[in-house]
Protein chains: 2
Amino acid sequence: MPYFDAASATPLHPVAREALLASLDEGWADPARLHREGRRARMLLDAARETAAEAVGCRPDELTFTPSGTRALHTGIAGTLDARRRTGRRLVVSSVEHSAVLHAADAHRAAGGQVTEVAVTRTGRVNDTAYARALADDTALACLQSANHEVGTRQPVTAVAEACRAAGVPLLVDAAQSLPWGPVSGAWGLLTGSAHKWGGPAGVGLLVVRKGVRFAPPAPRDEREAGRSPGFADIPGVVAAAASLRAAHAEAEAEAARLRALVDTIRERVPALVPDAEVVGDPERRLPHLVTFSCLYADGESLLHGLDRVGFSVSSGSSCTSSSLTPSHVLRAMGVLSEGNVRVSLPPGTSAAEVERFLTVLPGAVRSVREQLGAPADGASDRVHDRDPGASETAGAGAAGRAGVDGAVDAPAERVETPGETREGSGPAHPRGTDEASQVSQASPATQGTYTVDALGTLCPVPVIELAKVIDSVPVGAVVTVLADDEAARLDIPAWCSMRGHDYLGADGSAYRLRRR
Amino acid sequence: MPYFDAASATPLHPVAREALLASLDEGWADPARLHREGRRARMLLDAARETAAEAVGCRPDELTFTPSGTRALHTGIAGTLDARRRTGRRLVVSSVEHSAVLHAADAHRAAGGQVTEVAVTRTGRVNDTAYARALADDTALACLQSANHEVGTRQPVTAVAEACRAAGVPLLVDAAQSLPWGPVSGAWGLLTGSAHKWGGPAGVGLLVVRKGVRFAPPAPRDEREAGRSPGFADIPGVVAAAASLRAAHAEAEAEAARLRALVDTIRERVPALVPDAEVVGDPERRLPHLVTFSCLYADGESLLHGLDRVGFSVSSGSSCTSSSLTPSHVLRAMGVLSEGNVRVSLPPGTSAAEVERFLTVLPGAVRSVREQLGAPADGASDRVHDRDPGASETAGAGAAGRAGVDGAVDAPAERVETPGETREGSGPAHPRGTDEASQVSQASPATQGTYTVDALGTLCPVPVIELAKVIDSVPVGAVVTVLADDEAARLDIPAWCSMRGHDYLGADGSAYRLRRR
């Protein structure tokens, strides 16, 4: 049963398991105690720290074990902001950082601090010159991930670290996603990682604070881990984490090359196999094992479940898979489609055969979800590969024909209703959509060329599906207004326009305007 | 090799080990994910939460797993103080709480809050009426441990919880030490625990917030564990923790009775076996497995090492075993002797033979440390059992003889030097004592009856040793001033006076005054 969600967590590396079992008998005591058991625990902890420090490329006394990567980030950010508060209270982050960083930024803002978010390109990459410009006199700390957790894009850490060094600002690198593949080079000041991303156990993160970086451990104070991580450490976990980091690095080069080739295959073949799919993220400067794509007219949760049923575990940045009902902030910051989003992240050891099988089942899984949602027929989907107007019109007739079941979509004065939410078993993911229906209507004969699709109360991907169903019944050049109050529409309607070649004109509240091409 | 430091950490319970191993393969994935592996992890997490909640006596949705008991305390305290800040900013704690509570109180004070510390008796027990009086209109939160971690005294939680309920103040119970023995009854509002105290793995704490208690999870926010514990949970650890808590409770009654009898043996026999030793803590209302005693003229670190060499692992609240150079705040709050402090806490399964062997080797270990420190001869030590003045004078002559080697201690105008720090292998524990020497001198003939022992620059237990060496050369009724700048002197000199029957007159900075009896 292939597990393709390594970016969330990887199964225990055999070395981690071995180290964990080996240290259960020796590593349970308090390393701060002077007795035999305490000294043994201390020795294990010290050895683990040395191993981890060597793998990360720092001094052992610069490295603190924390209970998670999230806690490492929270502590690293709070401790540096506090120590440097006389310099200023500005925190600079990229707009695609992990939520742990952005939530720490929210907390800083709530406490009266300032936050600058540096934008990214459509591939999710920070521009290092833009980042350098964001460093102001009052900047206490800058944060940049080494690689993005959702789309795999590597960030220009070395260049940004150099700009930070020049500006006298410490750079904190969230290395959670790249650390399994090797150390992070460059003049960074702080670095964080998370063991369960590299095959270590959960419950172990690491925080590196390089000598010379001013740092004030957040209160309440505690004597453990140089005051930087309160509470009794899980030493068997820490030992397993350190051992598996070393093991992962030893295997990284060969495994990265192998997985990179598999990911290349997915990147190339998904757009050919799945109509209206878009691969997102930087095609070259990226993690070796991770690829993300989005599928028009599909919802992430149904896709996840569909792939799960045929044996593949993936994740998704679509809004419909999270409790917040907002699509991934990463996809939003990149300005790319969020609907039908699938992240594939291959754990070490993934075989070519597993990837082949994934590519075999994927098209059917997407098709099935689209059918359940009443998405445009295959003809409409084909247009992404053949955008000449003739083909488009033919396909459009099919779509219009479906949308016009209940009325005449080409009679603009009439109200045309289309099914709003027809997906079976949608459950609580789209609660607002259940009793709603989208509509396309023309406001009045005087505003000939202005059409409205009412998708209020429906959730991703329904607004875009409704729009796609009726677009071909709208005259070329006419303006369509889509009424949609789902957060994802803000991302998906412009992305749809861009993918399908229509002109996106902008939004006013819940009203999105576009011109048919 | 008997390990008698269960109050610090216990070895893994067999059930914990089994549960840990069984869940390594199923519990590594992200429980927030929708795929197969995520659902399995979620099921394990939910089942562990139900098991732990049943053992604690709460609803599963009231229980949060945290990375440690310390973090549970920090979060529980900060979250309640914040949510109830409109009521007031007063935190009430006992003076013998765990340092994690007192450090949280420090942080609260630093942030502008008020803290009331409720004193304890000489047995380390809070008076519930006194605690109730400390609850004011502006009290946001009250904290009380269920039992003390250093001396084992159980606190009147039920009565204090009732007083808190009447005052409308939530009570947070730090149950770290008692939870291995059963749930905590009473109308508490919050409760914390730590798995490695009951045979679970390190890295797992728990925080219970009962329904109806206002609670605001501290920033930065995070979606895991109801927002109360950021970061990816160690599910195998959590599963092992829950399973072993249930197992510990199943065995608690029988094991508590057995260990209580062994502790009774230690409590009875130590004062008879070791001269000048004092057992501290409540003799009845106490944890079943824990006993603490202090030995005059000995230092905790040397005692620890001495016991360690003969195979026993214990801990100590003496200042010389910690980096802070101050004695345990618990012993300080109780007003009892801190020097030569030994805490014995028996893990489940400790045999009567092990305890017998401990009692056999203890007297020699203490004697050896005292000899290394140049403590008063055996005769002096005997006085604790025979305090009639005649015996005292005899013994005193011996002590004075030793102290008077370099001069005439009975010639008050002369300066008498005694060896300050003669202990071998003292290492860095007593750095200031190395080149120093204590002195007893009489200021001038005009102030006949006033003697000075200069122990400045020496560390615990040297000031008391120097005092004991010369006390018999001082006329009965005369006032002795001890100059000592070690923190522990503040506790040990009054305690010594009380143990030896002299009148402690008070301190002025580093000058302690007492009258010989």
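How much area do chain A and chain B bury between them, and what share of it is on carbon and sulfur atoms? In this predicted model, the two chains bury about 4800 Å² between them, with 58% of that area on carbon and sulfur atoms; buried area is the accessible area (1.4 Å probe) that two parts lose on being put together, summed over both. Residues are numbered from 1 along each chain as its sequence is written, chains are lettered from A in the order in which they are written, and side-chain values use heavy atoms, with hydrogens and water left out. Local features need pLDDT of at least 70 and side-chain atom pairs count only at pLDDT 80 or more, while totals for chains, interfaces and linings use all residues.

Contact (heavy atoms within 4.5 Å) links 59 residues of chain A with 59 residues of chain B. Eight salt bridges are counted between chain A and chain B, each a side-chain nitrogen of Lys or Arg within 4 Å of a carboxyl oxygen of Asp or Glu. One of these joins the side chains of B:Asp308 and A:Arg36, at 4.0 Å from N to O. On the side of chain A that touches chain B, at least two residues each come from α1 (14-24), α2 (36-56), α3 (69-83), α4 (99-110) and α8 (300-309) of chain A. Helices (H or I, at least four residues) and strands (E, at least two) are DSSP runs, numbered from the N terminus.

Six cavities of 30 Å³ or more are counted. A cavity is a set of points, on a 1 Å grid over the protein atoms alone, where a 1.4 Å probe fits but cannot get out; lining residues have an atom within 4 Å of a point. The largest cavity holds about 240 Å³ of space, the volume being the space filled by probe spheres set on the points, which are joined across faces, edges and corners. Its lining has 24 residues, of which A:Leu20, A:Asp234, B:Leu20, B:Asp234 and B:Gly237 are the closest to the centre. At least two lining residues each are supplied by α1 and α7 (235-273) of chain A and by α7 (235-273) of chain B.

Most residues other than glycine have a negative phi, and most peptide bonds are trans. A cis peptide bond, with omega about -5°, joins B:Ala219 and B:Pro220; B:Pro220 lies in the loop between β7 (205-209) and α7 of chain B. The bond from B:Cys460 to B:Pro461 is also cis, with omega near 0°. In chain A, the non-glycine residue A:Glu225 has a positive phi, near 45°.

Note on methods: On a 1 Å grid over the protein atoms alone, a cavity is a set of points where a 1.4 Å probe fits but cannot get out, and a pocket is an open set with protein on both sides within 12 Å along at least five of seven lines; lining residues have an atom within 4 Å of a point.
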